[in-house]
Amino acid sequence: SWALISLQAAKLYGYDAEYDAAAAINAIIAQKKQDGGYNNYGDDGVVDVTATMLMAMSFFDYTAADTERESCIDFIKSKLGANGLFEYYGADSSCAQAYTIIGLIMAGEDVTSDKWTTDGINIVDALLTFQDENGGFWSDSASKNGTGWFNAPDDYSTRQCVMALGAVANADGIYEKVSGLTDLNPLQPEGSSSSSSS
């Protein structure tokens, strides 16, 4: 998925980055887990890796990519738990929350809508609950509350959360740029027909 995202980003900046998009899309879909999500290992999907696949699918308006994009969104929605937080290996994670927000924005989702709200808290507000008074972001709620592994906000989590907040602030522009790349590569998975992205 990151290879596909990188190649599409290269196209965005005018580089000659031709590749077999149909094969890349099919290779990604072939790695889907039984529960409908994606993961780098194990039998169960997780929200952040599924969001990465969602990012990759969001560059295309091919039938297979459209179908998989909706499937990824459905899986991510199923992991939305209390207080607007996504379940991540039985806990929560600011990085997983951040990556998932970016993926949903790239797919054209309104991350501040009722669809992405639980207990009156949307997923962006939930991301902000990881922020410390010093401005940094904690890795997880347990650490912020003094019962987790980390004893301070960390650079890795802070960078990813800032990226997500930047995506929220520029959501319309990001979706327009990503969805506008579909005409740069007319390849389509064999046996499918094109459709418009939502």
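These legends describe close-up views of a predicted model. Residue numbers start from 1 along each chain as its sequence is written, and side-chain values use heavy atoms, with hydrogens and water left out. In this predicted model, local features need pLDDT of at least 70 and side-chain atom pairs count only at pLDDT 80 or more, while totals for chains, interfaces and linings use all residues.

**View 1. F86 sits in a loop and is buried.**
Helices are DSSP runs of H or I, at least four residues, numbered from the N terminus. F86 has 2% relative accessibility, so F86 counts as buried (buried: under 20% relative accessible area; exposed: over 50%; partly exposed: in between; 1.4 Å probe, protein chains only). Residues up to four places away in sequence aside, F86 touches V47, I76, K79, L80, A91, D92, Q97, T100, L104, W116 and I123. Contact means heavy atoms within 4.5 Å. T100 lies 14 residues from F86 along the chain, and their C-alpha atoms are 8.6 Å apart.

**View 2. R69 and D66 pair within helix α4.**
The two residues form a salt bridge, with the closest N and O atoms 2.2 Å apart. A salt bridge needs a side-chain nitrogen of Lys or Arg within 4 Å of a carboxyl oxygen of Asp or Glu. The structure holds 6 of them. R69 and D66 are 3 residues apart in α4, so about one helical turn separates them. Both partners are buried.

**View 3. E87 and K79 meet through their side chains.**
Their salt bridge spans 3.8 Å, N to O. E87 is partly exposed, at 31% relative accessible area. K79 is also partly exposed, at 23%. K79 is among the residues that F86 touches.

**View 4. K115 and E109 form a salt bridge.**
Here the N to O distance is 3.0 Å. E109 is buried, with a relative accessible area of 17%.

**View 5. L12, Y13 and Y15 make a nonpolar surface patch.**
Together the three residues have about 400 Å² of accessible area (Shrake-Rupley method, 1.4 Å probe; for residues, only the protein chains shown count as cover). Patch residues have over 30% relative accessible area and no salt bridge; nonpolar side chains (Val, Leu, Ile, Met, Phe, Trp, Tyr) are joined within 5 Å, like charges within 9 Å. Y15 lies in the loop between α1 (2-12) and α2 (21-29). With 60% relative accessible area, Y15 is exposed.

Notes
Helices (H or I, at least four residues) and strands (E, at least two) are DSSP runs, numbered from the N terminus.
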